Every structure is written in structure tokens, then in C-alpha cells.
Amino acid sequence: RPCPAEGGTSNPSKRHRERLNRELERLAGLLPFPQEVVAGLDKLSVLRLSAGYLRAKSFFSGKGQPRGSRPPLSPKSAFFLPPRNHDIYLLISSLPQALNGFVLVVTSEGLIFYSSHTIQDYLGFHQTDVMHQSVFELIHTEDQQEFRRNLHWALNPPHAPKGELSPEEGKSVSSCAVTYKPDQLPPENSSFLERSFVCRFRCLLDNSSGFLALNLQGRLKFLHGQNKRSEDGSVLPAQLALFAISTPLQPPSILQIRTKNMIFRTKHKLDFTPLACDAKGKIVLGYTEAELRMRGTGYQFIHAADMLYCAENHIRMMKTGESGLTVFRLLTKENHWKWVQANARLVYKNGKPEYIIVTQRPLVDEEGGEHLRKRSMHLPFTFATGEALLYHSAYPLPGFPDPFQSKGKTSKSKKTSHNHGGCSQKNGVNPRSLLGAVMQQDKAVY
């Protein structure tokens, strides 16, 4: 160990914390996820995903499986991201995209052993948000007993104590799990182990009820290679887990199918200035990353009638860490407005917010218009009082003038402006304010 500097004191607690942080950073770098996803993981998530990956690796390596079973697949290819030089693995990784649903594997205790990345297209949760978590945290309270019943081979699980089925108690479902010896169970190819049932899952993409009814169809199969031990230390045999394909109960429309696979992610500074955009986002919007970054704050790309609505959710996100469902219009490179459904969340580093990650799904104009009609039209701030200072607007409020003035825009957007400091235009409007953003837009796009 290096000696402390002269006059300095050695702090064992600080050294231990630094070593732990270094090891966690190294462990996070080994996870087979994109860098932008890994950067948003907290320490507990890194440990949770590492444990889930090691369990998956043990399962796919074939440990504990009887001889003559099928050769194991690569855990990295089948579970997360495929090696690019293996065409067969590329095919395997693309198979979930062909399903009208996502793959879900749940252990007898109710832990999500695996979920395909396409869960984000249906429920809005990223794969990293659900892996190695209790499935009962996602299931409607009234449907939890039905799901628990289907995890049991005889559809007759042990009775849980009162309160066990609440979302808060969902994490302790292991207390209700029953372990079996293989000779106590029917053969794995038995029709008794087939499953087909309906449950409501939490859905971030649904702003009406917040839940999506899914039909889970599959079967119970042995989960090998987990090396679980009983209380006396003896190794338990492989237990059954639910392997199922989860599809929406209501078939999607053709328009929904066309937009489902175009979900894209963008990265922003805390004031919403764009920093990065993934490949799908470049296809939907038409901009390169350089073109997005050189335009100033991200509000230059937002429709004037949606700016206050987006700014209100922006402030909510800065206070709570997540914006909630936000539907608005973005300006494409071809000067067309594209409706998107977005959910923004803060990413923290060392306990402080560092940047914003926004997951966005394109909508058809009819769906966007329906959201607009449902949107509450009340103004988020009372501009006749000091509440308007939340946006530090010293600009006079002229009431409701013509839709366009000078380089003008709608009166709605004229009423507020963010105060980020910096230079001002000749008319005294901060270019980084909402009003400054809308005045930089070309009125021809309206």
C-alpha cells in the first residue's frame, strides 16, 4: 500500500470504499450491455445483474443436465448481446423481434431469471430493470395469486400468510416456494406442466390504467445448474421454472406493429441539451448527433404548443428522478412534426444527477392527436403571480396576440422562459429560455 502523504492521515474506511468502488466499476464493465446502459446502473443493480448473469451462464453451460441433452448455447449470445462474428448467434438474438411479445423465465420463487430485451417494447421497462427481480412487483395485486398458482406444478401452491400477496411482500416470495425431488414430479414433457393464463402487468407505456393484460403461454421446465442448498447445507435438485412467451391479450394494430420496433433513446444534459442519439433515433428524426448538439437546448426541436407541457414534466423529473409518460411533437430534419411518447429519467453519479436518458416511441398522428385531446389544458403556472419566476420570465405578457409575431410563435410559449444564464439576444430574451428556443425556430414549420 502506498504510504500516506506527509501530514496526511490514513483513513481505512475511505480506502475500503475506494477499493469497493473500483471493483464495482470493473464488474460493471464486464456486464454484456451497451456502455450507456451500464453507466446508468447503481451499485446494487450491478451486483443484481452480475448474479443473474452468473446463474444464466451456469444454466446454459449445461451443468447438472442429464447426458444426451442438447448442447448448451452461449449464455452471452442467448441471454444478452451476441458476438458479432457468429451469424447463428445474430439469428438467435433477433428471434425475439419476430415474436408478438417477449420471452419470460420465472423461477419457482418468483424471481425473473430471464427476460428478452423486447420487454421494453411492451411494458416500457428495460431488460436491466427486471432481471433478477421479483415478478410480483410487476403483476397486478388481483392477479398475483393466479401467477403463483401457475408456478406450482399441480396448480396448488401452499397458502401464503395474509399480506404476502401485497407488492411490498412480493420480495419475500421465496418463503412460499416448495422444493421437490425429481421423482415427486411428472416427466418434463408431461402435459400437466403446460401453462396458458392471463395476468395484468405494470406498463409504463399505458397512461390509462397503467397495466397491460398479457397472455403467458409456455411450460414448466427444470432450471439446471443453480447449485441451491437447503438449510442443512445439502445440494437441492434442479427445480421447475416457468418458461413462457408473453403476448398482449389484445392484438396490436398494424400501425402499432410498424412503430413498435422503432423505440429509440437519446441522452441529454440536465437542461435537455442533446448529447447523443442511437441509430434508430437517427432514422426517425433524420439528424446526425452533431446536428442535434449544435442547435442549443433540446426545446428547439419541440412544438411550441407542447413546450409548457414538456417543461412541467422536465421539472417533475428534476425533483423525482422520472418524468412520467410525456407525449409531444418533435421536429424532424425534413421540417415535419413527429409525435413521440417519451419517458425521461435522471442518471446519477456519485449521488448527483449527471445526465438525462429519454426512451421515446414514435406514434402515428391519430394517436398523438388523441393524447393531445386528453391533455389537461390548464397552465402549469399562474403568470399573474410570482410563480412565473420559476422560469424567471421578465418578458412582458401581452395576452393572446396573433399566432406569429416578428419571428414569432404561439402565445403559449411566449409566457415562460428558463433562466440558464449566458448571453441574451438584442430583444433581451435569453436564447436558452423556452421563448428563446421557440424564436429560433423557422415559422414555416408551423
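Modeller: I start with A342, which is buried, with a relative accessible area of 4%. This is a predicted model, so that value is computed from predicted coordinates.

Biologist: Why is A342 called buried?

Modeller: Buried means under 20% relative accessible area. A342 has 4%, so the label applies.

Biologist: Where is A342 found, and what does A342 touch?

Modeller: A342 is found in strand β9. Leaving out residues up to four places away in sequence, A342 touches G324, L325, T326, F328, V358, T359 and Q360. P362 is 20 residues from A342 in sequence, and their C-alpha atoms are 8.7 Å apart.

Biologist: What is the order of the open sheet of five strands?

Modeller: The order is β7-β6-β10-β9-β8, with antiparallel pairing.

Biologist: Why do β7 and β8 count as edges?

Modeller: β7 (274-277) and β8 (326-331) each have a single partner strand, so one side of each is left without a neighbour in the sheet. From one strand to the next, the twist averages 35°.

Biologist: How do you know that β6 and β7 pair?

Modeller: Pairing needs at least two bridges. Three bridges join β6 (residues 264-268) to β7, so the two strands qualify. They run antiparallel. K267 stands opposite A276 in β7. The two strands form a hairpin with five residues between them. In that turn, F272 has a positive phi of about 80°.

Biologist: What makes β3 and β4 a pair?

Modeller: The cut-off is at least two bridges. Strand β3 (residues 194-202) and strand β4 (residues 211-223) have nine, in the antiparallel sense, so they pair. R195 has G218 in β4 as its bridge partner.

Biologist: How many bridges link β4 and β5?

Modeller: β4 and strand β5 (residues 239-248) pair over 10 bridges, again in the antiparallel sense. The bridge partner of K221 is A241 in β5.

Biologist: Which strands do helices α12 and α13 lie across?

Modeller: Helix α12 (residues 307-320) lies across β8, β9 (337-349) and β10 (352-362). The angle between α12 and β8 is about 120°. Helix α13 (residues 365-374) lies across β8, β9 and β10 too. The angle between α13 and β9 is about 70°.

Biologist: Take H314 in helix α12. Is H314 buried or exposed?

Modeller: H314 has a relative accessible area of 10%. The cut-off for buried is under 20%, so H314 is buried. Leaving aside neighbours within four places in sequence, H314 is in contact with L270, D271, F272, Y299 and I356.

Biologist: Which residues touch the most other members of the largest nonpolar core?

Modeller: That core has 33 residues. Y299, I302, F328, L330 and I356 touch the most other members. The elements that give two or more residues to this core are α10 (279-285), α12, β8, β9, β10 and α15 (434-439). Another core, of 29 residues, lies apart from it, with V135, F136, L151 and L214 among them.

Biologist: What is I302 in contact with?

Modeller: Beyond neighbours within four places in sequence, the contacts of I302 include F272, M307, C310, F328, W337 and Y446.

Biologist: Why are C203 and C310 called buried?

Modeller: C203 has a relative accessible area of 7%. C310 is at 7% relative accessibility. Both values fall under 20%, so both residues count as buried.

Biologist: And what share of the chain is buried?

Modeller: Buried residues make up 43% of the 446 residues. The chain exposes about 24300 Å², and carbon and sulfur atoms supply 55% of that area. There are 15 helices and 10 strands in the chain.

Note on methods: Residues numbered from 1 in each chain as written. Predicted model: local features only at pLDDT ≥ 70, side-chain atom pairs only at ≥ 80, totals over all residues. Heavy atoms only, no water. Helix = DSSP H or I, 4+ residues; strand = E, 2+ residues; numbered from the N terminus. Axes fitted to C-alpha atoms, helices over the stretch in contact; angles between N-to-C directions. Contact = heavy atoms within 4.5 Å. Core = buried A, V, L, I, M, F, W, Y, C linked by side-chain atoms within 4.5 Å. Buried < 20%, exposed > 50% of the residue type's maximum accessible area, 1.4 Å probe, protein only. Areas by Shrake-Rupley, 256 points an atom, 1.4 Å probe, with all protein chains shown as cover.
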